[in-house]
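Hi there,

Here is the structure I promised to pass on.

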Amino acid sequence: MTDDVNARVQRTLAKVLDLPPGQIRPDTHQKSVPNWDSLHHVHLLTALEAEFTVSIDPEDWLELTSVPAILACLARLGVR
Amino acid sequence: MIAVASPAPPPLAELLAELDGTPASYLRLARGIEDRSAELGAPRRIALLASFTTELLAPYLVVEAARRQFAAAPYFAPFGQIEQVILDGAGPLYAAPLDLCVIAVRLEDTAPALVDGFVGLSGDEARRQLAEHVARICACVRALRQRSAARVLVWNQPPPRRLAAGLADPGLALAQATLVAECNRALAAELAAIPDAYVFDAHRVATELGTAAFYDAKLAALARMPFSPRAQAALAAQLARQAAALWRAPCKVLVLDLDNTLWGGVLGEDGIAGIALGGDYPGSAFTAFQRVVASYRDRGVLLAIASKNNEADVTEAFAQHTGLVLRWDDFVARQIHWNDKATSLRAIAAELNLGLDALALFDDNPVERAWVRRELPEVTVIDVPASPLGYGDALDASGAFDLVTITREDRERTRLYQSDQARQRLADTAGSVDDFLRALAMRISIGAIGADTLPRVVQLLAKTNQFNTTTRRHGQAELEAMIASGAIALWMRVEDRFGDNGLVGVAIAVPEPGTGSNPVGVAMQTGTTGAAPAAFRIDSFLMSCRVLGRRAEHALLGAIARRAHAAGARALIGEFIPSKKNAPAADFYRDAGFTPEPGTPAAGMADVTAIAAPARWHLALPDRPASAPPSDLFEVLEVS
């Protein structure tokens, strides 16, 4: 099931940040994605909250700048 | 050079069908529909000026605009800088022509004392601060109006997230909920006096969603965006819908099926006693839908029937069934027979003298809807849900009849068309057209367009397609600017023995630049400086199809000619710009005695689709003052 969460995160990133799905890797970081600016960060987090029906803590918002950080956060929120 | 063919982008409808309402799908789609001018026309530039951050609305706005068939090019002003941006005449707001300016100011941002500090304020102090808020916003709108002809939408106040007095609010001498309502009423009243400025009903959007789902404390704290993603999508959808209504003509006729649409069951099989209408469910659901339809009638939508039935059964049902809200006379056209629905819709359009694009069909049967979509793509076919409980909402959501203002003519339209039918019976018995026109005993009044007539005039400019020489859709502000710079702008009303047709004609003539001063030196009376023009060019000349074929257009043209003459001009220039629909006006200037200017096709122009270039016509005005052309067909009264 973790693979499924991983795939859904990558799909959401691809849609929000306008990247071909193959270009997002398990270790993708904000620094390597030009579109990932502060405005798109807000779009990305609202999109992840809608995709997984979770509410991400405001303290985590600014920290979720990579695929591993997002996956770890979702795991803490009980997403399997 | 080798040209590399890029794959054709998928059709817009296909992309829009992918939308699932999630933020990710809005973002993805917003990119997919960039540069769709071929399908959506040139992008409309829309500015958002707000007391909060609006950039996050971009994908929602772009996608919802595409769903309403236009391309949106949004410009987001820095938050909180409404006055600065409007007053900076050389600034980014005016860097390109602006189609729409949206102003959104929340009390929470600019007058927090009226929100969380509400309990500490006296009623008088609260009202004083409220008046200040409304005055500030309207000053912004007026300042914008002086600098731009853009339409303006101003957000009213949504219900507050919390009530400062909590449970005690309804019992306060001035409840917070009442204060918000007073604020919104004051805003609407003051905006009504500013041309092309309208309320955007954010209060209604919030009410439909519920305040708990509308506000988002986290986005407010982290991104200065007070509204949830769902609310952003809903606000953008409503903005796009209202914007579309500002620059697109609505449908005019709601064509209704009967069986399983206006009542449950099949009349021909179940009989009058067997159909579901009134009483308990499911009859109650159809009664509720009829009440919704009646509200459309009341605001000016014409109703018609297209039903496969025996007409005698239907007339009997309308005469006898006590559960009907709609009466037989509410329908201005009725096609009740066993021919196909496309034939019925064509007949309704012909009978009412309207284009097929003026019709919207509401029919429960998906096969009929698919047939009409295929046969008559011009007709708006409304998606109808399976349950009659959803009919009213489906009709409302279609937006097919959206109007931003309702005029006196709208409220009286059904009566106007009923008198049309009496006219038709007279025409059927009259010996000749002239006999018929004389028997109508028309009284035509003509006057200068002023504040009282502007809303109806702008509405006619926006929606008249057939007898319209140039189809220029001037807004109120543009029209006022034309009048201020010397245009002759006239309205025409037509009354006859069957009733008042209302304000049905508009003519606007502007001084033609480059025609120099007139040879006789008559002073201009329009208050502009400089020499009188030698010619006036008729920028717009249009008439509602309700009075087509009555020669009333010649009375209006005569008034334009007399006033142009009085202003010193010795020539009139008539323009004809062909559109898909304005063939009825193609020969107007020729019939009125104008001669074609060089380059204008000399042959008859009934087939306007064959004419690529606009035509110009010329009419010399004699030196001696022109007098009203004698006519025994109507009486003409120039009132102002």
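**The sheet in chain B**

Chain B holds an open sheet of five strands, paired in parallel and ordered β8-β7-β6-β9-β10. The edges are taken by β8 (331–337) and β10 (380–381) of chain B, each with a single partner strand, so one side of each has no neighbour in the sheet. Please keep in mind throughout that this is a predicted model.

Helix α16 (residues 341–352) of chain B packs on this sheet and touches β6, β7, β8 and β9 (359–362) of chain B. The direction of α16 makes about 150 degrees with that of β8(B).

Within the sheet, β6 (residues 253–256) and β7 (residues 302–308) of chain B are joined by four bridges in the parallel sense. If you want a place to start looking, B:L256 stands opposite B:I305 in β7(B). As background, strands of a sheet pair through backbone hydrogen bonds.

**Where the chains meet**

Next, the interface. Here 13 residues of chain B are in contact with 17 residues of chain A. About 1,400 Å² is buried between the two chains, and carbon and sulfur atoms give 74% of that area. On the chain B side, B:L27, B:R31 and B:K218 supply 38% of the area buried against chain A, more than any other three residues.

How many salt bridges are there between chain B and chain A? The count is two. One that you can pick out is between A:E49 and B:K218, where the closest N and O atoms are 2.4 Å apart. Six residue pairs are in polar contact across the interface of chain B and chain A.

As for which elements are involved, α2 (23–32) and α11 (217–223) of chain B each supply at least two residues of the side that touches chain A. The largest share of that side, five residues, comes from α2(B). Sorted by class, the side of chain B that touches chain A has nine nonpolar, no polar and four charged residues.

**Two backbone details**

The peptide bond from B:Y281 to B:P282 is cis, with omega near 5 degrees. B:P282 lies in the loop between α13 (267–270) and α14 (283–298) of chain B.

In chain A, A:D18 has a positive phi of about 60 degrees although it is not a glycine. A:D18 is placed in the loop between α1 (2–17) and α2 (38–52) of chain A. For context, most residues other than glycine have a negative phi, and most peptide bonds are trans.

Conventions: Residues numbered from 1 in each chain as written. Chains lettered and ligands numbered in written order. Predicted model: local features only at pLDDT ≥ 70, side-chain atom pairs only at ≥ 80, totals over all residues. Heavy atoms only, no water. Pairing = 2+ DSSP bridges. Contact = heavy atoms within 4.5 Å. Axes fitted to C-alpha atoms, helices over the stretch in contact; angles between N-to-C directions. Buried area = accessible area lost by both parts, 1.4 Å probe. Salt bridge = Lys/Arg side-chain N within 4 Å of Asp/Glu carboxyl O. Polar contact = N/O pair within 3.5 Å; in protein donor to acceptor, adjacent residues only side chain to side chain. Nonpolar A, V, L, I, M, F, W, Y, C, P; charged D, E, K, R; others polar.
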